[in-house]
Each structure stands twice: as C-alpha cells, then as structure tokens.
Amino acid sequence: MVARLMASKRSGGAADKRVIALNKRARHRYEVLDTLEAGLALVGTEVKTLRDGKVSLDEAYGRVDGDEVYLVGAYIEEYAQGNRLNHEPTRKRKLLLRRREIRRIQSRVIQRGLTLVPLSLYWSDRGLAKLELGICRGKKVGDKREADKKREARQEIRQQI
C-alpha cells in the first residue's frame, strides 16, 4: 500500500497543481506543439508575491541564451512589505531545466523558428514554483478564426443539451 501511495505522488497529476497564474491568450495566439515543466530561480520577495497571486504572464516569453533558458517579460509585482532589497518586477528569471532538455529546446527554437511561451505558473505538490512552458508555432489569422468557430459550435451544442 505504501508503494502505491508513493507512486501516485510521483505521477504529478493535475490534482497536485495549485495554479498561480494562467496565460489565457497563449492558446489563442499559438499552436502548442509540446509542453515541458521548468523550475524557476526566484528570490525571497518574489516567492512571497507569488503566494499573494500578483503575477502576470501575458507578455512573457522564453529565451535561450547559450546553455541557459530565461523567462523574459513576466511581471511579478514588488512585495508590499519588502525593503530596499526588493526585486525588479520584470527582470529575467532563469529557468531550471536539464541540459538535454535545453539542447532539445535550442534545436527546435533555432532551426524551426518556434517560440517558447509560458502557459501557466503553479505550485507543485512539494511547494515549489513551476512553470509550464509550451513550444509553440504562431497561428495565422485564419487559423484563429477557425478555432473560434469550432469553440462557438461546441458551446452551442452544450447549450442545447
């Protein structure tokens, strides 16, 4: 029985996630080809602000610099009770990934012209801040309209039932 409990904890299902912020526009603007989970290198006041939920991923994106990946443009508000050592709200934040994941991302982003887009920011079951990062391709205007039509059709069907 203990082995089953441990195995279910490690599986990391959706029930284990406590969402801090979502990037709602990302799935509208981009076609998500692949997703991965990354840790974030944060300072203390950023963690306290995340606990308050004062964060925005709307204009954020991932950037590969050499052998490291950074989250650029994410807005984490300054901590209200912070002092002169408070953090910069829009600073670059290092993403914690394995080397092979970084190499795989590099090849896909550089060769195929794909984009790294943060999809959601959440607390893991261990209490660590994690970022769901999507490897995406930008949608054309026609693709967006087609997706909107499909979504509206699904909503109409649900209303009729």
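1. In which strand is the place of Leu-133? The answer is strand β9, which covers residues 129–138. The structure discussed here is a predicted model, and the points below should be read with that in mind.

2. Leu-133 is buried: its relative accessible area is 0%. The class follows because buried means under 20% relative accessible area. Setting aside neighbours within four places in sequence, the contacts of Leu-133 are Asp-34, Thr-35, Leu-36, Leu-95, Leu-116, Val-117 and Pro-118. One of these, Val-117, is 16 residues away from Leu-133 along the chain, and the two C-alpha atoms are separated by 5.7 Å.

3. Leu-96 belongs to strand β7, residues 93–96. With a relative accessible area of 46%, Leu-96 is partly exposed. That label applies because the value falls between the 20% limit for buried and the 50% limit for exposed. Not counting residues up to four places away in sequence, Leu-96 touches Ala-38, Gly-39, Leu-40 and Ala-41.

4. On the fold as a whole, the protein chain has five helices and nine strands. Read from the N terminus, the order of elements is α-β-α-β-α-β-β-β-β-β-α-β-β-α. The C-alpha trace spans about 55 × 45 × 35 Å along its principal axes.

5. How much of the protein chain counts as buried? The share is 32% of the 161 residues. The accessible surface of the protein chain is about 11000 Å², and carbon and sulfur atoms account for 47% of that area.

6. Contacts across the sequence deserve a separate remark. Taking contacts in the protein chain between residues at least 6 apart in sequence, 68% join residues at least 24 apart.

7. The protein chain carries 37 positive and 22 negative charges.

8. Two charged side chains are placed over aromatic rings. Arg-51 lies over the face of Trp-123, at 4.4 Å from the ring centre. Lys-92 is over the face of Tyr-70, and here the distance to the ring centre is 4.4 Å. As for pairs of aromatic rings, the structure holds zero.

Methods
Residues numbered from 1 in each chain as written. Predicted model: local features only at pLDDT ≥ 70, side-chain atom pairs only at ≥ 80, totals over all residues. Heavy atoms only, no water. Phe/Tyr/Trp six-rings, centres within 6.5 Å; stacked < 30°, edge-to-face > 60°. Lys NZ or Arg CZ within 6 Å of the ring centre and 35° of its normal. Helix = DSSP H or I, 4+ residues; strand = E, 2+ residues; numbered from the N terminus. Buried < 20%, exposed > 50% of the residue type's maximum accessible area, 1.4 Å probe, protein only. Contact = heavy atoms within 4.5 Å. Areas by Shrake-Rupley, 256 points an atom, 1.4 Å probe, with all protein chains shown as cover. Lys, Arg positive; Asp, Glu negative; His and termini not counted. Charge placed at Lys NZ, Arg CZ, Asp CG, Glu CD.
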